[in-house]
Amino acid sequence: MSTDQPHIHISPVPRLAVRAAGLDDIRAALAAGFRDTLAVPILSLFFGLVCALFGAVLVSSLVVFDQILIAIAAGVGFPLVAPFLAAGLYEISRRRSRGEPFSAADIFLVVFAQRGRQLGWMSFVVLFVFWMWAYQVRLVMALTLGYRGMSSPEAFVTVLFTTSHGASFLIVGTIVGAVLSTVLYSLTVISMPLLLDKEVDFITAMITSVKTVLASPVVMLVWGAVVGGLTLLAIAPAFLGVIVIFPILGHTTWHLYDRLVSEA
């Protein structure tokens, strides 16, 4: 009787090394992000359009169903889920940086394939933090506003900016939101493109992302603040700015990852 066993190939888990980021890395990654957007404008802007439509439909639906506060949370917290939608942009930048030819179909196939890879698990992490973001708005509102003046958006704005309760809501909400944003940014800024590029599990990817932020916290958090500011600016005019800003930031994120993470 033959004792031969079928050969099963198991890809070794890569050992990853991270290095501290400098402002030069941010500038270089941003310049490369602009170049990728200009080099592949139609496909890049398509992903930006999908992202903008997703956000607009989400917030509009919540407003229609009279969930004003959740709509506000969704509008402000929308940048928290955007990295997962950038898989196509990461793949475009990855192939361009490697000099690999590609078509739109190639990119869409790679994005579709992510549902069966570790990037899919990361989406649960992102969505969990997103819903925490949404519900903390309601909790902080209950503690500070006591549901005052919520009959319309205009009444809410009046209470928010003309009363001490509104000031408390803004202060506490900003602090809690900043903490959640920082946590999610640290977990995803490197892990998303890393999961697209290498065969690692999502826990390893999150740990690597956090290590990268801790290696140069000031520079990375400044970049995170820039990303947040640009995204909020982009969603202000009915999400129209997202069509352009989202592709640039997606491509830039890939190049920043590519500069800071390597196999040991």
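Contact here means heavy atoms within 4.5 Å. The legends below describe a predicted model.

**Figure 1. Contacts of Thr253 in the predicted model.** Thr253 lies in helix α13. Leaving aside residues up to four places away in sequence, Thr253 touches Tyr90, Val189 and Pro193. Tyr90 is 163 residues from Thr253 along the chain, yet the C-alpha atoms of the two are separated by 7.7 Å. With a relative accessible area of 14%, Thr253 is buried, because buried means under 20%.

**Figure 2. Packing of helix α5 against helix α13.** Helix α5 covers residues 87-98 and helix α13 covers residues 242-260. Their axes are 8 Å apart and the packing angle is about 50°. The two helices are therefore oblique to each other. In passing α13, α5 makes a right-handed crossing. On the α5 side, the residues that meet α13 are Leu89, Tyr90, Ile92, Ser93, Arg94, Ser97 and Arg98. On the α13 side, they are Phe246, Pro247, Gly250, His251, Thr253, Trp254, His255 and Asp258. Sorted by class, this contact of α5 with α13 holds six nonpolar, six polar and three charged residues. Both Tyr90 and Thr253, the pair from Figure 1, are among the residues listed.

**Figure 3. Packing of helix α5 against helix α6.** Helix α6 spans residues 104-113. The axes of α5 and α6 lie 9 Å apart, at an angle of about 125°. That angle makes α5 oblique to α6. The crossing of α5 and α6 is right-handed. From α5, the contact is made by Ala87, Gly88, Glu91, Ile92 and Arg95. From α6, Asp106, Ile107, Val110 and Val111 take part. By class, the contact of α5 with α6 comprises five nonpolar, one polar and three charged residues. Ile92 of α5 is listed in this contact and also in the contact with α13.

Figure 4. Of its 264 residues, 43% count as buried; Thr253 is one of the buried residues. The accessible surface of the chain comes to about 13,800 Å², and carbon and sulfur atoms account for 71% of that area. Among contacts between residues at least 6 apart in sequence, 76% join residues at least 24 apart.

Methods. Residues numbered from 1 in each chain as written. Predicted model: local features only at pLDDT ≥ 70, side-chain atom pairs only at ≥ 80, totals over all residues. Heavy atoms only, no water. Axes fitted to C-alpha atoms, helices over the stretch in contact; angles between N-to-C directions. Helix = DSSP H or I, 4+ residues; strand = E, 2+ residues; numbered from the N terminus. Parallel < 35°, antiparallel > 145°, perpendicular 65-115°, else oblique. Left-handed = near helix turned anticlockwise from the far one by under 90°. Nonpolar A, V, L, I, M, F, W, Y, C, P; charged D, E, K, R; others polar. Buried < 20%, exposed > 50% of the residue type's maximum accessible area, 1.4 Å probe, protein only. Areas by Shrake-Rupley, 256 points an atom, 1.4 Å probe, with all protein chains shown as cover.
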